[in-house]
Amino acid sequence: MEFLPADLVLNIVMLGLLFLILLGFVVLLTFIYKFLTNWLEYLQKEKTAGTEQIRHEAQQEAQNILESANKEATQIISDTGKKASDILEEMEGMSEESKQKLSDTLSKTSANLLKIYETNIKKQKSESLQALANLTENIDKSLSKEVGEFEKLLREETVESKEKIREKLLKKYEKLDNELQDYKSRRMKELDSSLYDILYNVTEEVLGKGLNMDEHRKLILESLDDAKKRDLFGNSG
Amino acid sequence: MNLAKKLRTYDNAVELKYFVEDLKLNLSKDKRKSVKSVLEEESNGMKDLFLDLLNESNISISDSSAVTDFLGDIINKINNFERVNLVVAVDPDEDLIKTVADWIQDKVDKSIILKIDVDPDILGGIKVTYKGKYLDLSLNNKLNGIFKSKDILKI
């Protein structure tokens, strides 16, 4: 701290002045910010309304604000200088104890300001982190929801397709089964018919050639008895 | 005289009828000819049967009038025969014909003669028609019945 003057009072005064100058700049910047904000609003109005009148009014307003800010800044700086001068004057009449108290107060104030600043920074940081966390969480939720819906849709379509394919396969299977049954039935009838034809022919062949005259005679007499039993000859005999 | 028993079959009856009609015609053509001389000219297989019938009926061959009446009587009897139509599977021998004819004579009517046709396709048994009624009692028919009802599977 060798670049500072050795006199404590002078240091305090310088610090106070510096503080006031900074405050003036802050006020000036605030007015500039306000001016620019209003300017942008007017520009937007102009964009939407599209009238020269609005632009002119905006320019006028901006000019007024700028001038007002300039005046206020000038006034503040002037007041600051005056206050610094007053302080300087008061300092000269102050005792060592008072000077020490003032120094402590300023230090405390600076410390408080620093603390408030740090608190705000921390709060801002915390809020930013919270917002980031919320944003991440929201994105996560939104993504999960989207993925869930997509999965659901995919599943529904897959299940639906599966069901359709199953139905088609079942119908095809039933048709094939019916055709097979028809074919089986037809073939079985043909087979039956062929089998009976073969059996009949074999039996016919065997019986036709196999009976001797005595067997024929026996069969004829049995048939005549049968005919009589069936009343073919009526009351004759 | 049981003419049907002697003739047995319709074919024999028809043959005898033709023989008798022929004889009757020959006798009427030349009335001076004796029955004996006309018969001697005949070579038909029915001649012996006819002579047997005359003998059984105690009619003398020299009695032309009685013989002429007898001829008419035979024709009438043949015309009045009842006929049983039989279809058999084999060509029947005399023994089979006699057996069947005897059965008919004994169990149905003495004035029935047989009309027999042969059809090997019936395999065995008979198809019989009598007075407009018909029965198929052939082996072929029975087999068809069995095969149609699929009873063969149970055999």
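## A serine in a helix

Helices here are DSSP runs of H or I with at least four residues, numbered from the N terminus. By that rule, S223(A) sits in helix α4 of chain A. Keep in mind as you look around that this is a predicted model.

Is S223(A) buried or exposed? Its relative accessibility is 3%, so S223(A) counts as buried, the cut-off being under 20%. Apart from neighbours within four places in sequence, S223(A) is in contact with G125(B), I126(B) and L137(B).

## How the two chains meet

Let's step back to the whole interface. Chain A brings 27 residues to the contact and chain B brings 35 residues. The size of an interface is often given as the accessible area lost when the parts come together. For chain A and chain B, the buried area is about 2900 Å², and carbon and sulfur atoms give 73% of that. On the chain A side, the residues that lose the most area to chain B are Y196(A), Y200(A) and L232(A), which together make up 23% of what that side buries.

Polar groups take part too. The rule finds 6 residue pairs in polar contact across the interface, with both residues at pLDDT 80 or more. It also finds 2 salt bridges between the chains. In a salt bridge between D225(A) and K107(B), the side chains meet at 3.7 Å, N to O.

Which helices of chain A each supply at least two residues of the side that touches chain B? They are α3 (96-210) and α4 (213-229). The largest share comes from α4(A), with 12 residues. Sorted by class, this side of chain A has 13 nonpolar, 7 polar and 7 charged residues.

Helix α6 of chain B covers residues 94-107. Its 14 residues should span 20 Å at 1.5 Å a residue, and the end C-alpha atoms are 20 Å apart, so the two values agree. Buried residues in α6(B) include L96(B), I97(B), V100(B), W103(B) and I104(B), and also the charged D102(B). The buried residues of this helix pack against α4 of chain A, as well as α1 (3-7), β1 (82-88) and β2 (112-118) of chain B.

Further along, N140(B) has its place in helix α7 (residues 139-148) of chain B. N140(B) is buried because its relative accessible area is 18%, with the limit at under 20%. Setting aside residues up to four places away in sequence, N140(B) touches Y200(A) and E204(A) in chain A, and D121(B), I122(B) and L123(B) in chain B. Y200(A) is one of the three residues named above for losing the most area to chain B.

Conventions: Residues numbered from 1 in each chain as written. Chains lettered and ligands numbered in written order. Predicted model: local features only at pLDDT ≥ 70, side-chain atom pairs only at ≥ 80, totals over all residues. Heavy atoms only, no water. Contact = heavy atoms within 4.5 Å. Buried area = accessible area lost by both parts, 1.4 Å probe. Salt bridge = Lys/Arg side-chain N within 4 Å of Asp/Glu carboxyl O. Polar contact = N/O pair within 3.5 Å; in protein donor to acceptor, adjacent residues only side chain to side chain. Expected span 1.5 Å × (residues − 1). Buried < 20%, exposed > 50% of the residue type's maximum accessible area, 1.4 Å probe, protein only.
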